[in-house]
Amino acid sequence: VRPRKRIVVKVGSSLLANTERLTLRYAFMNGLLTDIAELQHQGYDVVLTSSGSVALGLNMIGRAPDEAGVLDKQAAAACGQPLLLNAYKQIGLEHGVDIAQVLVTLGDMEERRRFLNIRNTVLRLFDRGIMPIVNENDTVTTEELRVGDNDRLAAKVAQMIQAEHLVILTSIDGLYDRDPSDEGANHVESVDDVSEFLSVTESTSSLGSGGMLTKMQAANMAQNAGCETIIGEGVTERPIQSLLFRERLHTRCTAKGTPASNWAVWMTNRLQVAGSLTLTSETGLTITANTDSIEPTQVAAIQGQFQKGDVLHIYNDSGDEIARGIANFSADEMIVMARHTDQSVSELLGYRANSALVSGENLVFLEDRHLPLEAPRGDLRLVAS
Ligand code: GLU
């Protein structure tokens, strides 16, 4: 058992920036850091995932939120991030909370080596009692290659450090069973199956990029990693503890059982997958265990221009995603191998290698509780053609 508990707190832009003037909301930050100082004394290691860089930088760029384009937002993030961190640093010092900045991109979280580097950095900061403040590095990301919202980024951080709790502070006291402005909307106290709420959660806030939908997706990622998610309003007084200790209204999404290995969690809770293999009908039915590798004869179609080492969706022939696996070959190599199963790898590719397209130990089977991901983009190449 770990002596200290781990908690990831996510705060949204609308709590950190004043909606009209786009300036810092010091009172909220002060309450937040007071609360965090107390949690640290009680034995919690805290990671803060903080939005707000774009909202706080827009004044310097001379754009209103609704007229800012992608480039404006990237420039605004570069302006706002130091403002935000400077405020955390100053206010933190008053409460004895030491902070550090960790800026990440989607690629950093999804490439195994960089993911582990970030994890080790965060754990090293914990050793020193320092609170990492994580945000997406908006200035270097492009639209397709970003997480986009800090809800899911925070869930990725929670899975990365195997946190017990993910607390999402926002402008509303949790999830409602329909648009909360509708008369008769009911507050939902506890969520077990996130997929029940995906269709009712589509609206987003004016300042941030997330909404209840990304919060539900984040909750699913967290629950699959054995972490519970608490969604509540970002009040000034004890915003985190009052939720953690159930003192006011919020929504709690349960953690699912014991998490699989950290590696399996990393494989299954992804935002991006490079390509896919569709299995033959026979294989789709019989492959069940992580000990089976996927051979060239077992594949009916290959999609995307992936490289060796990329993570792939594995579909059965009815199009259901049944597993994730790591490619042993590039897509171009795999299609040659699958179309010429009578020839050896060295004859086809000019080097010797085991013929498994995905090795059994690099295959993780999905369970019902995993929300499906969008299919990857890219040409679909059929083996039999
Ligand atoms: N990274 C963005 C920012 O700092 C926030 C993304 C979000 O709204 O979730 O402004």
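In this predicted model, I99 has M131 of strand β4 as its bridge partner. The strands concerned, β3 and β4 (residues 130–136), run parallel to each other and are joined by seven bridges. They belong to an open sheet of eight strands with mixed pairing, ordered β3-β4-β2-β1-β5-β9-β10-β8. Its edges are formed by β3 (98–104) and β8 (190–191), each of which pairs on one side only.

Helices pack on this sheet. Helix α2 (residues 26–41) touches β1 (5–11), β2 (44–50), β4 and β5 (165–170), and its direction makes about 155 degrees with that of β2. Helix α4 also packs on the sheet, with contacts to β1, β2, β3 and β4; here the angle of about 155 degrees is taken with the direction of β3.

Along the way, α4 has a kink of about 30 degrees at G80, shortly before the proline P82. After the helix comes G96, with a positive phi near 75 degrees.

A further pair of helices is formed by α7 (residues 150–160) and α8 (residues 212–224), whose axes come within 8 Å and cross at roughly 10 degrees. Because angles under 35 degrees count as roughly parallel, α7 and α8 are described in that way. On the α7 side the contact involves D151, R152, A155, K156 and Q159, which meet T214, K215, Q217, A218, M221 and A222 of α8. By type, the residues of this contact comprise four nonpolar, three polar and four charged.

Notes: Residues numbered from 1 in each chain as written. Predicted model: local features only at pLDDT ≥ 70, side-chain atom pairs only at ≥ 80, totals over all residues. Heavy atoms only, no water. Bend = angle between axes of the 7 residues up to and from the residue. Helix = DSSP H or I, 4+ residues; strand = E, 2+ residues; numbered from the N terminus. Pairing = 2+ DSSP bridges. Contact = heavy atoms within 4.5 Å. Axes fitted to C-alpha atoms, helices over the stretch in contact; angles between N-to-C directions. Parallel < 35°, antiparallel > 145°, perpendicular 65-115°, else oblique. Nonpolar A, V, L, I, M, F, W, Y, C, P; charged D, E, K, R; others polar.
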